[in-house]
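Reader: I would like a close look at a single part of this model, taken slowly and with its surroundings.

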Amino acid sequence: MKTGDQVSFKLEGQTFEGFIDKEYQNSFMITFKSDDAEIVDKYHDRVIINKKQVKLIKAAPETETTEDDEQAD
């Protein structure tokens with residue numbers, strides 16, 4: 001899984017869907033939406049979830065790298 005992938009995860013007994021914003025060593029920062037005011041107030045539409053608890057729904061499109069991009073690094 002990588003940044004931009006659509007994933008599902010459980011949070012406080014509910015299943016949510018969101019998008020990976022950032023990858024850490026053992027977890028992901030995921031942006032998600034909820035209709036539950038308590039969840040929104042507590043997490044502000046972002047949460048850190050262990051990689052083992054995340055399921056891939058849809059992979060983000062692959063971006064093509066050009067020679068110019070590679071030389072810029």
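Is Glu23 buried, exposed or partly exposed, and what is its relative accessibility?

Author: In this predicted model, Glu23 counts as partly exposed because its relative accessibility is 41%, which lies between the limits of 20% for buried and 50% for exposed. The side chain of Glu23 meets that of Lys51 in a salt bridge, with 2.7 Å from N to O. This pair links distant parts of the chain, since Glu23 belongs to strand β2 whereas Lys51 sits in the loop between β4 (46–50) and β5, 28 residues apart. Lys51, with a relative accessibility of 26%, is likewise partly exposed.

The strand that carries Glu23, β2 (residues 14–23), pairs with β1 in the antiparallel sense over six bridges, and within this pairing Val7 has Gly18 of β2 as its bridge partner. Two residues separate the strands of this hairpin, in which Glu12 adopts a positive phi near 50 degrees. Strand β1 (residues 6–11) is itself mostly covered, five of its six residues being buried. β1 also pairs with β5 in the antiparallel sense, here over three bridges, and Ser8 stands opposite Lys55 in β5.

Another of them joins Asp5 and Lys2, whose closest N and O atoms are 3.2 Å apart; here Asp5 is buried at 2% relative accessibility, while Lys2 is partly exposed at 27%.

Key
Residues numbered from 1 in each chain as written. Predicted model: local features only at pLDDT ≥ 70, side-chain atom pairs only at ≥ 80, totals over all residues. Heavy atoms only, no water. Buried < 20%, exposed > 50% of the residue type's maximum accessible area, 1.4 Å probe, protein only. Helix = DSSP H or I, 4+ residues; strand = E, 2+ residues; numbered from the N terminus. Pairing = 2+ DSSP bridges. Salt bridge = Lys/Arg side-chain N within 4 Å of Asp/Glu carboxyl O.
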